[in-house]
Amino acid sequence: MAKLFSFRINGAYLRFLLKRNSRFMILTGIAMTVLFPILAFTNYLIDGSYNQFVFTTGRVFILILLVLSIFIVPFLLFSYLNSKKNLDVYHALPIKRRDLYFTTLLGAFAIILIPYTLVFIIGNVYYFSVIPDVDTILLIKQYYFSVALTLSIVTPILFAMMNTGTGVDGLLYGLLLHIIPSILYGAYVTFGSAVLLGFSVADPSLFLLYASPIWAIFELTFNTTRIFPNPMLISLYWIAFGLITSWVVLYFYQIRRSEKAEEPFTNKWFFPVISSFFTFIVQFFLYSAFITLSGRGLDFRTLIFPFFLTFVMYLILDVIANRGFKHLIRGIINFAIIGALSLGTFTFGTLFDGFGYITRVPDASNVEKVELEYYDPYGYLYQSYYYDQTTFPVQTMYTDAEDIETIINTHKIILEGFKAIDYKKWDGYTELTSTPRTDLDSSLFQQSSNIRIVYYLNSGAKIARSYTVPFGWTTDLLNLVNSENVFKNRYPMLANPDAVVRNTVFEIFDPLMSNAVTLSGKVNFKLFASAYKSDYLSLNEQQHNQPDTPILGIINLTSCTSTDMCVTRGIPIDARYTQTLSLLASSGVTLPALTTLESIPFIILPDATNEKAPFFHIQSLFGNTDFYFQEYYDESKPGPTEAGTVDYVEIPQERIAELLPYIRINAISKKAIGVLIVKTSVVLNERNTPHIYYLLDEAALPLLQQWRSEFEVKRDNFSNILMKVE
Amino acid sequence: MIQLTSVSKSFESKLVLDHIDWTVKKGSVFGLVGPNGAGKSTLLRIISGVIKADSGQVTVDGEFVYDEPMVKRRILFLADEPFFLHQSTLREMKEFYKIFYPSFDETMYSKLLNNFPIPENEKINTFSKGMKRQTGLILALSVNPDVLLLDESFDGLDPVMRLTLKRFISREILNRDMTVVISSHNLRELEDICDQIALIDNRKVVMSGDVDTIKGDFHKIQVGFSHDVNEDIFAFLNPLHVDKMGNVFMVVAKGEIEGILESIKKLNPALVTELPLNLEEIFVYEMEGRGYGKTI
């Protein structure tokens, strides 16, 4: 064993190799210089200023060139392996084979890294001199990662060279070894997406991070936000991989049949093993991809074409390997075996629900915590703005036993829903029907919700599932509304006030957004955040979802975590927010009164005689879209056939105050009542619409009935009404 | 001394060398002959440590060779096609060899360069085949090896160069007790330079010894008869070869010449004359006797 790790570097030969390949290093160095410092300088000449982006781009370019040279250099230094006469000389030399191998490997390492290191230093010294506040540690890390992973990219190429007899075959199979992890991952993902209901991967790049050194070198070097898994640990993993595979390659180097140099393969098992595995995973990938693309669900006729496509691919590999057609029959037989195996595995995996993958729901007692991503069509629980997530990254991790139970139950309801429709025949696109599970109107339930659940089990394992389902299947999740996680999503700046460097807008409006009073300089932001959070969490889900108290005001808040990373929220308060109201009062803030609205307010009237008539059931200041009017219209119900039209009245400005005791916001109504629409120029979030919709409490019905007789009731479709509000 | 003990080597299922026992004494020049594919090159590659024998032992002066740098420093193997680094010059190749062979002799190198008109700074890939061989030999001899293994290295050299090299090698053998093993198909050349010879056939060394002893063991006799006789009458000699032209026979046989002549005389020939036999003829007749090339 000790002999295995003992080797001596022949310094004289190492110097000889560096001298012999100095021209290659100069060429690589020039190319890297052009693509990094010279690129940045050229950009400066054009723009007259420097920016970080061009330097980052330069670093990406030189890393690409580094990877390219990793593919070239082994063929320059180990080319003697592919010639019998060269091998005769090299192996007759008075140097131990392991010493020759490691000296050459070190030479390759140096030839690859010397130009990269020089250009990296030159480029970044330039970067330091022109860009302020450079993160030096980050640059050192980037250099470390690129160097640390070099060996792990070299060794698969060397492994291919040790098993092949020509440079072309070495290169072909070196490339193949490097792309196999990506295809394997692609096959896994496409198979899961096409066949496994609820398929989801916990971290999409995790597999490749551990399976593909090329992926990992770019991911570790440029994904600077990754914190898990620890990038340093991953780099150590790849260093270990590189060292171990170096010794594996040494073993193959020492047993390499030199008499078979110049033939395609020096190891008779290499081609069958690699080509069979490659063909198997490509088949799996194509089967899944064709099933997805066909949109026919699981139809085995779809597999015929990819089967024959891979047949042609395999025969081409076979013909290249054998340099002709002399083993064609054997190739066909081999392919038939591979095809049978892949089809068999695919079929079994499909018919047996991914061997339990689909139906598995963990028991609550085994779950430590649950991560939930949930995007309902109304944005009621969660924001889905990417920009917001970037400014305030929020990880929604539920640890409360009751919350975990709620999520698990929702998961079970989803599986029951799919079981009822025979999901294997579902094409993934056709709208799913839903049976209402609550007393909310069924029309509400047909909207799609995206849900992704990641269970963290006590054992340390993770189970991730992802679904797109009718909203009605997930309404139990609305009970999570009073959890801290939902609060974090709704008001990230209030959940994490320490991250806020400043508030560009901090003011309070009257309930209908007609008049504002600034809070900046009056109210301590951190105290406000604390008070509001405390008030919010003290309300139960019933109080959140069916508020019985009119809103008293809306706080308009824009908080920033840096110069250009800001988030805006409209934050409603009502009488139940006692600590907040108390803080405002103690800070000398008087709630602003209603003044003149920007436009004529409209009220959509409930039509009790027409069940078909659309109505608003859910309202939020947070959703991407406030409502889906057309979809609400329900043909199956009795009523006039004039689709998409509603009764409405225009209210004079001076009468609108009468509605104030009845307006609700962030509410879900149990039944159709009425909606007040006003226009505002205040942008409360990234919605495109300037309208705010207020749900009217049931207690407003007598007043609405009075107005029905007092004002002219008109009927129109909703988009026309909105235009009138403009 | 090179010692091979029961050395066998197969390439996949094909047995190339089968339990070879062979000894090459120090300071001798050994010629290695055999038909194409007999295993000559394989044998030289095993001795030089390029490949490992499947079984048996290979030692030089009692030390194993394979993957043993200290022993391999004293051995130089020059393959039938000389190797040069891509786009290299003779000077670069000299640097390459100097890295691995501390015994590399600059004086010898200069001397050889004076004898062989090879441009030191020109790319070797522009050289003719003969010049490449000369380049290989210059480098090989400059290494000053104790054991020089030449695999058909004289092929492609013009007669003057061949002679120069032969002289050079002969001098080195005298001066330094160098051991040389030369494989070649050109037996006339081997005859001039080698003092011992070995014949490999059918995966074994079938004949090995001093050139003079071997030559003394093979005889070509011309026998003439005054009457018509059949060639079968020589069957008792187990001849390697019999040629008939009218009533005149040319017989090649192994053994004591006196005994052979005496036996032939008992057949009452009109003429009996012993003809000279060179090494190439011995090789041809011996191989014919083993069935090699007989059908053509």
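1. In helix H8(A), Tyr173(A), Leu176(A), Ile180(A), Ile183(A), Leu184(A), Gly186(A), Ala187(A), Thr190(A), Phe191(A), Ser193(A), Ala194(A) and Val195(A) meet Ile274(A), Phe278(A), Ile281(A), Val282(A), Phe284(A), Phe285(A), Ser288(A), Ala289(A), Ile291(A) and Thr292(A) of H12(A). By class this contact has 17 nonpolar, five polar and no charged residues. Contact requires C-beta atoms, placed from the backbone, within 7 Å. Nonpolar covers Ala, Val, Leu, Ile, Met, Phe, Trp, Tyr, Cys and Pro; charged covers Asp, Glu, Lys and Arg; the others, Gly among them, are polar.

2. The model is predicted: local features need pLDDT of at least 70, side-chain atom pairs count only at pLDDT 80 or more, and totals for chains, interfaces and linings use all residues. Residues are numbered from 1 along each chain as its sequence is written, while chains are lettered from A and ligands numbered from 1 in the order in which they are written.

3. The geometry of the helix pair is as follows. H8 (residues 167-195) and H12 (residues 270-294) of chain A have axes that come within 8 Å and cross at roughly 35 degrees. The crossing of H8(A) with H12(A) is left-handed, that is, the near helix is turned anticlockwise from the far one by less than a right angle, where clockwise would be right-handed. Axes are lines fitted to C-alpha atoms, for helices over the stretch in contact, with angles from 0 to 180 degrees between N-to-C directions. Helices (H or I, at least four residues) and strands (E, at least two) are DSSP runs numbered from the N terminus.

4. On confidence, chain A has a mean pLDDT of 85, and 85% of its residues reach 70 or more; pLDDT is the predictor's confidence in each residue, from 0 to 100. Over residues 436-441 of chain A it stays under 50, and the model has eleven contacts for them beyond four places in sequence. Residues 622-632 of chain A are also below 50 in pLDDT, with 25 contacts in the model beyond near neighbours in sequence. Where pLDDT is low, the predicted coordinates should not be read in detail.

5. Chain A is divided into domain 1 (3-262), domain 2 (269-352), domain 3 (364-489), domain 4 (491-586) and domain 5 (602-725); the bounds come from an automatic or database domain assignment. Taken over C-alpha atoms, the centres of domain 2 and domain 4 of chain A are separated by 60 Å.

6. Two strand arrangements in chain A can be described. S3 (residues 448-457) and S4 (residues 462-470) pair in the antiparallel sense over nine bridges, pairing being defined as at least two DSSP bridges between two strands. They form a hairpin with four residues between them, and Gly460(A) in the turn has a positive phi of about 100 degrees. Tyr455(A) stands opposite Ile463(A) in S4(A).

7. The other arrangement is an open, antiparallel sheet of four strands in the order S6-S5-S7-S8 (chain A). Its edge strands, S6 (516-518) and S8 (566-574) of chain A, each pair on one side only. Neighbouring strands are turned by 25 degrees against each other on average, direction ignored. S5 (residues 502-509) of chain A pairs with S6(A) in the antiparallel sense over three bridges, and Phe509(A) has Ala516(A) as its bridge partner in S6(A).

8. At the chain interface, 16 residues of chain A are in contact with 19 residues of chain B. H1 (11-20) and H4 (84-92) of chain A are the elements giving two or more residues to the chain A side, and H4(A) supplies the largest share, six residues. By class, the chain A side has eight nonpolar, three polar and five charged residues.

9. Chain B is divided into domain 1 (2-202) and domain 2 (215-289), with 37 Å between their centres, taken over C-alpha atoms. Their contact takes nine residues from domain 1 and six residues from domain 2 of chain B. On the domain 1 side, H7 (187-193) and S9 (196-201) of chain B give two or more residues, and H7(B) gives the most, with four residues.

10. Chain B also has an open sheet of six strands with mixed pairing, in the order S6-S7-S8-S3-S9-S10. S6 (75-78) and S10 (204-210) of chain B are at the edges with a single partner strand each, so one side of each has no neighbour in the sheet. S6(B) pairs with S7 (residues 147-151) of chain B in the parallel sense over four bridges, and Phe77(B) stands opposite Leu149(B) in S7(B).

Note on methods. Contact = placed C-beta atoms within 7 Å.
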